[in-house]
Amino acid sequence: MCQSSQMSSVAAHSILWGLWHSGGNDLVAQLLLHWKSESVDDDDLVGAADLLLTDVEWRRGSEERGLLEMVEATTATPSVQGVVSKWARGYVADESIVAHVWDQDKVERNRPELAKYLSHFPEMSKWSQPGSGNHWRKLGSLVEHVDALVGVPTDPKTPHGMLRLIERFAEGAHQWLKVAGGAKANLLSSVFCDRSWEPWEFSLECGAFVGYTSIRFAAALRGQLGRGRGRAVSVEVDPVQACIARHFLDLAGCSEIAEVWVGQFRDVLPRAVEEFGVRALGLAFLDYKGTIFHIDLASLERLLAFAPGGIAVADNVVLPGAPLYLWVVTRHIAWATTVWALQEFLEPNVEDWMCVSEYCAPLFPEVDEPPVSWQRLSWHTDHMRRRAQGMRPGENLMAEQDRVSYARYIRSIYRDGGVDAQPWADVPHDISLRSRHEYRTAAVCSTQLPRPAWGGLH
């Protein structure tokens, strides 16, 4: 058992995650209470908040308020604190809590990657929440921007008004947000609305961030099925960002149809099937760490989650990249995949790709191993992702030209492997999704095996 002086958020998360996955849910709660009785600092436990909230939300436990209050006390920005307070207590606390600033020892124990920063940027704020101080200042400014303007005549409390507010904020100087806006939003709306939805089906977004796409999906699902039917579920690993997403969904009037679950996607996949049943997933949107897309897609297949004709959409396939996922979905007989080339949101010089794959039959064939060059590329995209997040202190941040050059390099490897993309702008937007498949230039599995009917394979 770790002594309180030796505890860190990394150690807490590892111990609790291991217990939770071994089926020791009761032990997780008991161990947390023991640590608190031993005066382990909340700062040393907050790194495990995502897992603890995953467990509490799944079993509808009563401990959620206490966990969110722990997160609130380690959040530096007052406006973001207010959002966390809203979901912890049901109202915003009258006074903000003074968040803790860590000493050097606590930084090194809890966030070793942050400790690397400090040798380069000793003036940087040392908050317990992950991400740089600039990240949380930006999100705090976003919350203030939305709260100040939502509901005025030009920006009513509607999904469209909320989306426009977030987009306007991102258009400001030094306020760019990594959301699927612009051409990507058009593609997502088109794919979502082209599908025929059943009342028991749900959509699943993996990587909610601030809830931008969550709002879009909730509004589209309501338009397809009417109020109270279907569900738009989003998963977000960071509890603070999950609270912001819930706050924005609430302001947009989408709370009755949309939910934000806290946790790692791999941990909450069984919950989705448990709550909605098998063959109920109409659309999965993968918008997080691209190097594990293919693993989580395989998990959804094994859990029998996808409905007949279900859709999987993957973002950022080029930048930062998802090479192993692209290899699988363009060669797997169960998936009919179209790859689209389109501009990154508010970055007209950066070309990214999105994969749209339709689940044609529940088949589980072995897919050939990707070339060594693609496997190396997968490792390198993780490296570049961390560099873009500022987690490579020995290297410069990625400027726009770096992103353009790197995207060009990744596309060249994809094309050498036989996969290319169709420009989204070249396709008429008033035709159905099935018709759009005629425009695709993506490589689909060359072995055309007979596809059985869904009937005997549910």
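Predicted model: local features only at pLDDT ≥ 70, side-chain atom pairs only at ≥ 80, totals over all residues.

The chain has 458 residues, and 54% of them count as buried.

**The chain overall**

- If you take the contacts with a separation of 6 or more, 75% of them are between residues 24 or more positions apart.
- The chain has an accessible surface of about 19,400 Å², and carbon and sulfur atoms make up 52% of that.

**Where α5 meets α12**

- Two packed helices can be described by the angle between their axes and by how far apart those axes are.
- For helix α5 (residues 78–89) and helix α12 (residues 239–251), the angle is about 75 degrees and the axes are 9 Å apart.
- Angles of 65 to 115 degrees count as roughly perpendicular, so that's the label for α5 and α12.
- On the α5 side, the residues in the contact are Val80, Val83, Val84, Lys86 and Trp87.
- Across from them, α12 brings in Val240, Cys243, Ile244, Arg246, His247 and Asp250.
- Sort the residues of this α5–α12 contact by kind and you get seven nonpolar, one polar and three charged.

**A look at Glu57**

- You'll find Glu57 in helix α3, which covers residues 49–58.
- Is Glu57 buried or exposed? Its relative accessibility is 9%, and buried means under 20%, so Glu57 counts as buried.
- A polar atom of the Glu57 side chain sits 3.2 Å from the backbone nitrogen of Val262.
- Setting aside neighbours within four places in sequence, Glu57 touches Glu64, Arg246, Val260, Trp261, Val262 and Arg271.

**A look at Phe192**

- Phe192 belongs to helix α10, which runs over residues 183–194.
- With a relative accessibility of 0%, Phe192 counts as buried.
- Which residues does Phe192 contact, leaving aside its neighbours within four places in sequence? They are Trp197, Ser203, Phe217, Ala220, Leu221 and Leu283.
- Phe192 and Gly282 are 90 residues apart along the chain, and their C-alpha atoms are separated by 8.9 Å.

How values were computed:
Residues numbered from 1 in each chain as written. Heavy atoms only, no water. Axes fitted to C-alpha atoms, helices over the stretch in contact; angles between N-to-C directions. Helix = DSSP H or I, 4+ residues; strand = E, 2+ residues; numbered from the N terminus. Parallel < 35°, antiparallel > 145°, perpendicular 65-115°, else oblique. Contact = heavy atoms within 4.5 Å. Nonpolar A, V, L, I, M, F, W, Y, C, P; charged D, E, K, R; others polar. Buried < 20%, exposed > 50% of the residue type's maximum accessible area, 1.4 Å probe, protein only. Areas by Shrake-Rupley, 256 points an atom, 1.4 Å probe, with all protein chains shown as cover. Polar contact = N/O pair within 3.5 Å; in protein donor to acceptor, adjacent residues only side chain to side chain.
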